[in-house]
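Subject: Structure handover

Hello,

Here is the structure I said I would pass on. My notes on what was found follow below it.

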Amino acid sequence: MSADPTKETTMALFMDVHTIDGGVSLDDVAGAHLADLATQGQHGVQYLHYWVNEDQGKVFCLVEAPTADAAATVHREAHGLVADEIYPVAEGS
């Protein structure tokens, strides 16, 4: 039996945090983000924005996903750089 295509999937908002030892370049993160965008549709995920602190090796990704596991799966399949932490978040103004 196939899934009902008219049924909406509830999307939650998550912020994931990566720490890359030795720092990270903005160009490398941009490439990883493009890989996420190419992979996300297979998992019902949408990576929205990312922020980088190159010197500290910190990367923050904002993502809409049905679950935190779905968001992590996209990173794992796209480039292998799975987040150290994933937090459910709510958008403010």
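To begin with helix α2: A70, A71, A72, T73, V74 and H75 are buried there. The buried residues of this helix pack against β1, α1, β2, β3 and β4. Helix α2 covers residues 68–78 and packs on the sheet, where it touches β1, β2, β3 and β4, and its direction makes about 70 degrees with that of β2. Just after α2 comes G80, with a positive phi of about 85 degrees.

Please keep in mind that this is a predicted model. Mean pLDDT for the protein is 92, with 90% of the residues at 70 or more. Residues 1–7 have pLDDT below 50, and beyond near neighbours in sequence this stretch makes zero contacts in the model.

Now the sheet. It is open and consists of four strands in the order β2-β3-β1-β4, with antiparallel pairing. At its edges are β2 (46–53) and β4 (85–88), each of which pairs on one side only. On average, neighbouring strands of the sheet are turned by 20 degrees against each other, direction ignored.

Within the sheet, β1 (residues 12–19) and β3 (residues 58–65) form an antiparallel pair over eight bridges. One of the residues to look at here is A12, whose bridge partner in β3 is A65.

The other helix to look at is α1, residues 26–39. Helix α1 lies across β2 and β3 and runs at about 170 degrees to β2.

Regards

How values were computed
Residues are numbered from 1 along each chain as its sequence is written. This is a predicted model: local features need pLDDT of at least 70, side-chain atom pairs count only at pLDDT 80 or more; totals for chains, interfaces and linings use all residues. Side-chain values use heavy atoms; hydrogens and water are left out. Two strands pair if DSSP finds at least two bridges between them. Helices (H or I, at least four residues) and strands (E, at least two) are DSSP runs, numbered from the N terminus. Axes are lines fitted to C-alpha atoms, for helices over the stretch in contact, and angles run from 0 to 180 degrees between N-to-C directions. Contact means heavy atoms within 4.5 Å. pLDDT is the predictor's confidence in each residue, from 0 to 100. Buried means under 20% relative accessible area, exposed over 50%, partly exposed in between (1.4 Å probe, protein chains only).
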